[in-house]
Structure formats: structure tokens, C-alpha cells
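Let's take a look around this one together, starting with a pocket and what lines it.

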Amino acid sequence: MSRFVIATYNVNSIRSRLPIVLSWLQEHRPDALCLQETKVDDARFPVAEIADSGYHVVFKGEKQYNGVAILSLKKPDNVFYGLADDGPADEARLIRVDFPGLSVINTYVPQGRDRDAQQYIYKLEWFKRLRHYLERFLSPDRPVVWLGDLNVAPESIDVHDPRRLLGHVCFTPEVREAFAAVKSWGFEDIFRHHHPGETGQYTFFDYRVPQAVKRGLGWRIDHIMATASLAERSVNCRIDLAPRLLEKPSDHTVLTAEFDI
């Protein structure tokens with residue numbers, strides 16, 4: 001049995017945040033780092049710089065929007081892009097890799113923009129499509145990790161001001177139900193597995209809020225989920241606030257989990 005360390009980080013532009021990513025990789029050396037909102041077309045993705053750091057990378061992106069990537073010390077056996085159904089492929093929002101004995105699904109779930117917008121309806125539908133994807137291609141009886149910027153705060157303790165923020169597109173009853181339906185396929189929230197009921201733990205801090213990190217004005221919308229067999233072998237899960245406190249940071253920070261596999 002060996003230790004497997006995996007992390008998720010919405011970089012809000014890989015080209016802007018590359019120094020932070022490379023420094024974090026050098027310091028922590030996870031087995032895999034999953035990125036969202038890379039915001040770069042594939043031709044300009046910084047493959048060489050990541051390779052120089054000792055990591056293999058698979059990615060799918062768009063200019064200025066979306067984009068997902070998985071950096072790993074070992075090359076995955078298989079790579080799959082998009083939801084693979086009759087709807088929009090959304091390859092820049094979902095990437096899945098298979099390692100020996102483990103599948104990893106990295107997603108950037110649509111934010112939803114506004115509760116009255118078409119994008120919000122699309123978000124709710126996206127969760128349904130993801131549930132169908134899981135049912136078609138994977139099994140909850142096998143080790144699977146689903147992680148990324150899921151754009152949902154599942155509980156009231158996952159936002160700093162639940163009364164005021166109720167109704168935001170990442171914190172509505174409908175979004176929480178849609179997320180719960182995907183989770184019920186067979187996932188456990190690894191952060192809550194290790195920190196049940198703990199408050200003040202956030203992965204996102206709005207740029208527009210002065211000193212948001214220092215004041216604890218955040219959201220927990222980035223998550224690492226694992227199927228039961230893998231959750232039982234989780235060692236810890238933690239939020240690393242250091243990247244959010246650096247100069248020119250992303251508005252998100254890094255979430256890391258460790259498993260004995």
C-alpha cells in the first residue's frame with residue numbers, strides 16, 4: 001500500500017498563476033494536481049514548463065474561458081474528455097483519467113450566472129448529465145475520485161453568511177439538491193469526512209471583498225469526493241490557504257487529500 005496525494009485548484013488562468021502552481025508543485029510534490037479555469041487555448045498551454053517540473057499533463061481549454069487540466073507524476077493509462085452524451089460535450093469542463101486501480105474526474109461545474117438566467121438552468125442540467133455519465137462509465141464499487149470547482153456550497157456552514165447568501169447560484173436549494181443527487185451515486189465528501197461540522201473552512205474568497213481571507217469571508221465550493229472504498233482509506237484532507245495569500249493569487253486556493261491505495 002502506498003500514499004496517494006491529490007489536490008484541486010481553480011487557478012483562474014494558468015498563465016497568470018503558473019509561478020504559483022510550479023512553486024506549489026515543487027514544495028508539495030502531489031501525485032496529481034487538478035486545475036480548473038485554465039483560460040487558455042490548447043496551443044498556448046504551458047506544457048514545457050510543467051514537464052520541466054517533472055509532471056505529465058493532460059488538458060483541454062478555451063481562450064479566456066473554462067479549461068481543465070490534470071498534472072500527474074505518472075502518465076495515466078487512459079484519458080477522456082467531456083460528458084460524452086447528446087448534449088454539449090463541454091470538454092473544457094470535464095476531464096477523466098484512469099490510473100492503475102483509480103479513476104479521477106476533474107470538473108469545472110458551470111457557475112450559473114444568475115438564478116433567472118439560462119446558464120442557471122444549464123447548471124442544474126449539467127449535474128444531471130454528470131450523474132448519467134457516472135452511471136454509464138463508472139461504478140461506485142470501484143475507487144473513484146471526483147473533484148474540482150463544483151460551484152456549490154453543500155451546507156450552511158460552507159458559506160460565511162448563509163442568511164444573506166441564500167439564493168446565490170452556488171447556494172440555492174435546487175443546486176444543493178442537484179449536487180446531492182450526484183453525490184448519492186456513491187461519493188463521500190472527504191473534507192467533511194475529516195472535519196465534520198467544522199466552520200470557517202473555505203476554498204474561495206472573492207477578490208471584491210477587502211481582506212476576505214483575513215476576515216474569513218469565504219465559500220467552500222471546491223471539493224474532493226471519493227467512493228466509499230477509497231474514502232475508508234483517506235488519511236486527511238486540508239485547505240491550503242498559502243496560495244491565496246500570495247501576490248497576484250487566484251480567488252480560489254488549494255484543497256488536498258491523501259489516500260492509502
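## The second largest pocket

A pocket is an open set of points on a 1 Å grid over the protein atoms alone, where a 1.4 Å probe fits, with protein on both sides within 12 Å along at least five of seven lines; lining residues have an atom within 4 Å of a point. The volume is about 250 Å³, meaning the space filled by probe spheres set on the points, joined across faces, edges and corners.

This is a predicted model, where local features need pLDDT of at least 70, side-chain atom pairs count only at pLDDT 80 or more, and totals for chains, interfaces and linings use all residues. Residues are numbered from 1 along each chain as its sequence is written, and side-chain values use heavy atoms, with hydrogens and water left out.

## The largest pocket

The largest pocket comes in at about 860 Å³. Its lining takes 32 residues, with E37, Y108, Q111, R113 and N151 nearest the centre. By class, that's 12 nonpolar, 10 polar and 10 charged.

## The sheet

Now for the strands (DSSP runs of E, at least two residues, numbered from the N terminus). Six of them make an open, mixed sheet, ordered β3-β4-β2-β1-β12-β11; strands pair if DSSP finds at least two bridges between them. β3 and β11 sit at the edges with a single partner strand each, so one side of each has no neighbour in the sheet.

β1 and β12 run antiparallel, joined by six bridges, and F4 stands opposite F259 in β12.

Definitions and conventions. Nonpolar A, V, L, I, M, F, W, Y, C, P; charged D, E, K, R; others polar. Helix = DSSP H or I, 4+ residues; strand = E, 2+ residues; numbered from the N terminus.
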